[in-house]
Amino acid sequence: MTTLPNLLQRSYHESPDKTSIILQHAGQADKPLTYRDLIHGANRFALTYAREGIKPGEVVILILQHGEDLVYAFWGAILHGAIPSIMPFLTEKLAPEKYRADLSSLISITKPTTIVTYPEFEAEVRGALTEGDSVKNVILTDTIEAETEPNFETLQGLKSSPEAITVLQHSSGTTGLQKGVALSHRAVLNQLNAYSETLRIDPASDVIVSWLPLYHDMGFIACFLMPVLLRIPLVNMSPFDWVRAPYKLHQAVSQYKGTLTWLPNFAYNFCAHKIRERNLEGVDLSTWRAIINCSEPVHVESHDLFHGKFSAYGLKKSALQTCYAMAENVFAVTQSPLDGTPVVDVIDRETFMTQRLATSPVADSPSMQMTSSGHPLPNVKIRIVDEAFNDLPNRSVGEIAVQSDCMLTEYFNRPDATEAAIKDGWYLTGDYGYIAGGELYVSGRKKDLIIVGGKNVYPQDLESLASEVDGVHKGRVVAFGMYDEEEGTEEVVIIAEAESTIPSEQEAIADAIRKHVTKSSAIALRHVKVVDEKWILKTSSGKTARSANKEKFLKELGEV
Amino acid sequence: MTTEIITPIAKFIAEKILKQPSKVISADEPLISSGLIDSFSLMDLALFIEDTFGVRVEDTELNAETFDNLNQLAALISSRKS
């Protein structure tokens, strides 16, 4: 069994001149990094971590934007045997005080000894530190050691055990306790071996093109760890650049003969609606063999939209694929077979809703389409279980449980959360689904969770934020997601009861809710409805019934 | 001149981006640095400007340093129209 630093060392000796990552920045020339560049850059950080007295096994939090520093700081931590974890950078959408509070909360649980950031951002980071917390070093990117030939004899990471934790992935909760998913070398490498086999990866011809952020499992594992460790060239652009110019993904695929990309569902709609023909002149998408839809519920209509728009540029229908993945399994659990298009299962809506069974459609009654997430990876087992953890038959909807040789070691410093999530060696995903024909269909979620543009949001977090706004009845707020066909993702609706019944005052409250919730959660709200007292439905026990309120909201929308 | 530019843009932002048709956006109200316009909507704004005024705003200009309110945006558009 090998480790991540072993693989880096091997790449350094066997293919130093091979291109590992091509970094793209809007308005700048592309920057290719060979394995030699990558490991020399990483070595500078590893030497810096050693200079600062950071010991292997300590957690290093990286607060850096897309670019060379982030790449080197990350792989430097791996070479040093420290545990890197990439955090999102502060954006305009989020209030700085909220960002600091999230960071403080993360520090109190994960107990990192070190934070790496830019000199310009040092004050922000220091603002999140408290007397007596775990952070001993704030390393700034202008204090990094000079470039030298790496000495693999002294690099501490080469002594790591395959069972040691190598990286932490933090879940993207908006508030409350953050969970750091701790992954061992063995788990990461088992996932990459199984997944690359399923995808029939050929490092000589495959090229991954990605705009995904590295603090999320899809970008981090499939579009960063996998390409670098398996020597698949990676073209990496910033999410900030992509969102302003989505055609750059297509141009990069064409220019570099890209073959593989991962996208959340909304991105298919976003590209189809917003890319103009003039930005696609001469673009050839015929090399794109898999564009894998993951991290949000998959809608087959989004694939159709995307294919309809880009087939004229050589895009193959068979490139549109699906995957079901989670950080707790490192990444992929299932993958649709790459030689066809994902199976669409048409089922009877009524039986599905009332009996939780996915059965054949009945003539004259409404049906619904479910898109397959494919087969389990060769190293993954799936069960569909009821509340009592009994197996359910095919086509019965239950909770998806996963077991594999690439599961998380634990939620870092959270034995309570680890114990709650793993039962008899099975990870309980909290997702509902069913199996038919050996393929997994994911149908919903156990807990209320809204996924907006690939980002998970808990409605209770948004409700408590909205409750903080003046004029809102405390606790009389409901938040839920509503699928928007045009956008291809869920949009957030918040309904709040106001003390005032005057329309202009209610409008001012709606404005204040938008501002406060967006600034505190970085989630844009599409509908904010301020209503009179007693609008919101509660259950007999006084809990807010989200689905009943959603129905009421939709009914009122329809009547207008 | 400036009003001719600002009015349709303000209307577009309120109706299409914020989905609050009655919202009044003042000419000096911060749009990007305040988070009012979500990054996912910046492209919509650029496409609207192109279709309405025949002026291109490049993706590298979709940031608060280039323009952050309607006055600044109108000035940018006017300078390119002439």
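This is a predicted model: local features need pLDDT of at least 70, side-chain atom pairs count only at pLDDT 80 or more; totals for chains, interfaces and linings use all residues.
Strand β8 (residues 180-184) of chain A pairs with β20(A) over two bridges, in the antiparallel sense. Within that pairing, A:A182 is set opposite A:E410 of β20(A).

Another open sheet of chain A has three strands in the order β26-β27-β28. Its pairing is mixed. The edge strands are β26 (472-484) and β28 (527-531) of chain A, and each of them pairs on one side only. Neighbouring strands of this sheet are turned against each other by 20° on average, direction ignored. Strand β26(A) is antiparallel to strand β27 (residues 489-498) of chain A, with nine bridges between them. A:G481 stands opposite A:V492 of β27(A). Which helix packs on this sheet? Helix α14 (residues 459-467) of chain A does, touching β26 and β27 of chain A. The direction of α14(A) makes about 140° with that of β26(A).

Strand β27 of chain A is also among the elements packed against the buried residues of helix α10 (residues 265-274) of chain A. The others are β11 (260-263), β12 (290-293) and α11 (300-310) of chain A. Why is α10(A) described as largely enclosed by the rest of the structure? Seven of the 10 residues of α10(A) are buried, so the helix is largely enclosed. These buried residues are A:N265, A:F266, A:A267, A:Y268, A:N269, A:F270 and A:C271.

Helix packing in chain A is illustrated by α6 (residues 185-198) and α7 (residues 217-230). Their axes come within 11 Å and cross at roughly 80°. That angle makes α6(A) roughly perpendicular to α7(A). Helix α6(A) contributes A:V188, A:L192, A:Y195 and A:S196 to the contact. Helix α7(A) contributes A:L225, A:M226, A:L229 and A:L230. By class, seven residues of this contact are nonpolar, one is polar and none is charged.

The contact between the chains takes 14 residues from chain A and 13 residues from chain B. On the side of chain A that touches chain B, the elements giving two or more residues are α8 (239-244) and α15 (503-521) of chain A. Which of the elements gives the largest share of this side? Helix α8(A) does, with three residues. By class, the side of chain A that touches chain B has five nonpolar, three polar and six charged residues.

Two loop positions were examined in chain B. B:P30 lies in the loop between α1 (2-17) and α2 (42-53) of chain B. B:P30 is partly exposed, with 14 other C-beta atoms within 10 Å. Not counting residues up to four places away in sequence, B:P30 touches B:D68 and B:N69. B:P30 and B:E4 are 26 residues apart along the chain, and their C-alpha atoms are separated by 20 Å. B:E61 is placed in the loop between α2 and α3 (70-81) of chain B. B:E61 is partly exposed, and 16 other C-beta atoms lie within 10 Å. From C-alpha to C-alpha, B:E61 and B:S79 are 14 Å apart in space, and they are 18 residues apart in sequence.

Technical notes. Residues are numbered from 1 along each chain as its sequence is written. Chains are lettered from A and ligands numbered from 1 in the order in which they are written. Axes are lines fitted to C-alpha atoms, for helices over the stretch in contact, and angles run from 0 to 180 degrees between N-to-C directions. Helices (H or I, at least four residues) and strands (E, at least two) are DSSP runs, numbered from the N terminus. Angles under 35 degrees count as roughly parallel, over 145 as roughly antiparallel, 65 to 115 as roughly perpendicular and the rest as oblique. Two residues are in contact if their C-beta atoms, placed from the backbone, lie within 7 Å. Ala, Val, Leu, Ile, Met, Phe, Trp, Tyr, Cys and Pro count as nonpolar, Asp, Glu, Lys and Arg as charged, and the others, Gly among them, as polar. A residue is buried if 20 or more other C-beta atoms lie within 10 Å of its own, exposed if 12 or fewer, and partly exposed in between; C-beta atoms are placed from the backbone. Two strands pair if DSSP finds at least two bridges between them.
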